[in-house]
Amino acid sequence: MPERRKPPQPSTGRPRPSPGASRPRASPPSVSLCRALSKLGLCSRKQAEILVAEGRVRVAGKIVRNGSMRVDPGRDRIEVDGSRVVAERKVYLMINKPRGLVTTRDDPQDRGTVYDCLAELDLPFVSPVGRLDKASEGLLLMTNDTRFAQRLLDPASHVAKIYHVQIGALPDETMLARLRAGATVDGELLTARSIDVLRSGTSTAWLEITLDEGRNRHIRRLLGAHDVEVLRLVRVAIGPLQLGELAKGKARHLTAEELALFQG
């Protein structure tokens, strides 16, 4: 019996790989040079821009003055002042931020910063995870692990942040209902996951306010929209991590058990 031939297959317009041909490799991950210096734990991106502009950074032996150049921090040889930049050990810190410090490294007005709380620790470059404004106090995380920071800051992660807020009023159910309904300020809808009364005095009260997102001066703007004066604002928890008994102005490393709380 004559052998039957298979009908020709319609062309897809794409060349068919030859037998044994390897598939194209995925492009290696890349970031801007300035971001790479930050991810490696050397400095902030702003400081990296200065280093690049001054001609102090080399990639593969060549001086680079373009901070947006794409590099692979895990493979490319990056040098600053002749020394290779290697990834620093991962550091995770908690600070009990006092009122009056700003959450930045370099302040043009020469005010005290949260980095003053780290003076006694031998650390690589670390950055704050989010912010607390100058007048606010309490729990602030700092790290050089950018993925950890991004995961906590991503609104989709819904990591709860709990604040104890002293207000210059005695809240009744009508006020609480208005606060819980939120407010639109400068085109932004500001809401809280929960608002409850902790305790009341003769003319002031403490509220516990839980947020699952953090917009700029979120609580102050929300309460201000309802003419409620904020006297003190203290962050006491981020997700499962509690401020606890850490003294004001002090910092410490997170324990392995505390880090594990964020892995779920």
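## Cysteines

How many disulfides does the structure hold? In this predicted model, the structure holds 0 disulfides. Cysteine 34 takes part in no disulfide, and the nearest cysteine sulfur, which belongs to cysteine 43, is 7.9 Å away.

## Salt bridges

Across the whole structure, 17 salt bridges are found. Aspartate 133 forms a salt bridge with arginine 217, and the closest N and O atoms of this pair are 3.5 Å apart. The two residues are 84 residues apart and link distant parts of the chain, since aspartate 133 sits in the loop between strand S8 (127-128) and strand S9 (137-143), whereas arginine 217 sits in the loop between strand S14 (205-211) and helix H5 (218-224). Arginine 217 is partly exposed, with a relative accessible area of 42%.

Aspartate 133 also meets the side chain of arginine 220 in a salt bridge, with an N to O distance of 3.1 Å. This pair, too, links distant parts of the chain, with arginine 220 in helix H5 and aspartate 133 in the loop between S8 and S9, 87 residues apart. Arginine 220 counts as buried, at 16% relative accessibility.

Elsewhere, glutamate 258 and arginine 252 form a salt bridge in which the closest N and O atoms are 2.7 Å apart. Glutamate 258 is buried, with a relative accessible area of 14%, while arginine 252 is partly exposed, with a relative accessible area of 28%. A network of salt bridges links Arg99, Glu137, Arg232 and Lys248.

## Helix H4

Helix H4 spans residues 173-181, and its buried residues are Met175, Leu176 and Leu179. Viewed down the axis of H4, these buried residues fall within an arc of 95°, so they line one face of the helix. The face turned away from this buried side carries the exposed residues Glu173, Thr174 and Ala181.

The N-terminal end of H4 is capped by aspartate 172, one of whose side-chain oxygens lies 3.2 Å from the backbone nitrogen of threonine 174. Just after H4, glycine 182 adopts a positive phi of about 85°.

## Helix H2

In helix H2, which covers residues 45-53, the residues Ala48, Leu51 and Val52 are buried. Seen down the axis of H2, the buried residues fall within an arc of 95°, so they line one face of this helix. Lys46 and Ala53 are exposed residues carried on the face of H2 that is turned away from its buried side.

The buried residues of H2 pack against helix H1 (33-39), S2 and strand S5 (78-80). H2 is followed by glycine 55, which has a positive phi near 75°.

## Strand S10 and its partners

Is strand S10 mostly covered or mostly exposed? S10 is mostly covered, with 6 of its 7 residues buried. S10 pairs with S14 in the antiparallel sense over 7 bridges, and within this pairing the bridge partner of glutamine 166 is tryptophan 206 in S14.

S10 is also joined by 7 bridges to strand S15 (residues 230-238), and these two strands run antiparallel. In this second pairing, isoleucine 162 stands opposite alanine 237 in S15.

## The four-stranded open sheet

An open sheet is formed by 4 strands in the order S3-S2-S5-S6, with antiparallel pairing. Strand S3 (62-63) and strand S6 (83-84) stand at the edges and each has a single partner strand, so one side of each is left without a neighbour in the sheet.

Strand S2 (residues 57-59) pairs with S3 in the antiparallel sense over 2 bridges, and valine 59 stands opposite lysine 62 in S3. Two of the strands in this sheet, S2 and S5, are also among the elements against which the buried residues of H2 pack.

Definitions and conventions: Residues numbered from 1 in each chain as written. Predicted model: local features only at pLDDT ≥ 70, side-chain atom pairs only at ≥ 80, totals over all residues. Heavy atoms only, no water. Salt bridge = Lys/Arg side-chain N within 4 Å of Asp/Glu carboxyl O. Buried < 20%, exposed > 50% of the residue type's maximum accessible area, 1.4 Å probe, protein only. Arc of directions from axis to C-beta. Polar contact = N/O pair within 3.5 Å; in protein donor to acceptor, adjacent residues only side chain to side chain. Disulfide = S-S within 2.5 Å. Pairing = 2+ DSSP bridges. Contact = heavy atoms within 4.5 Å.
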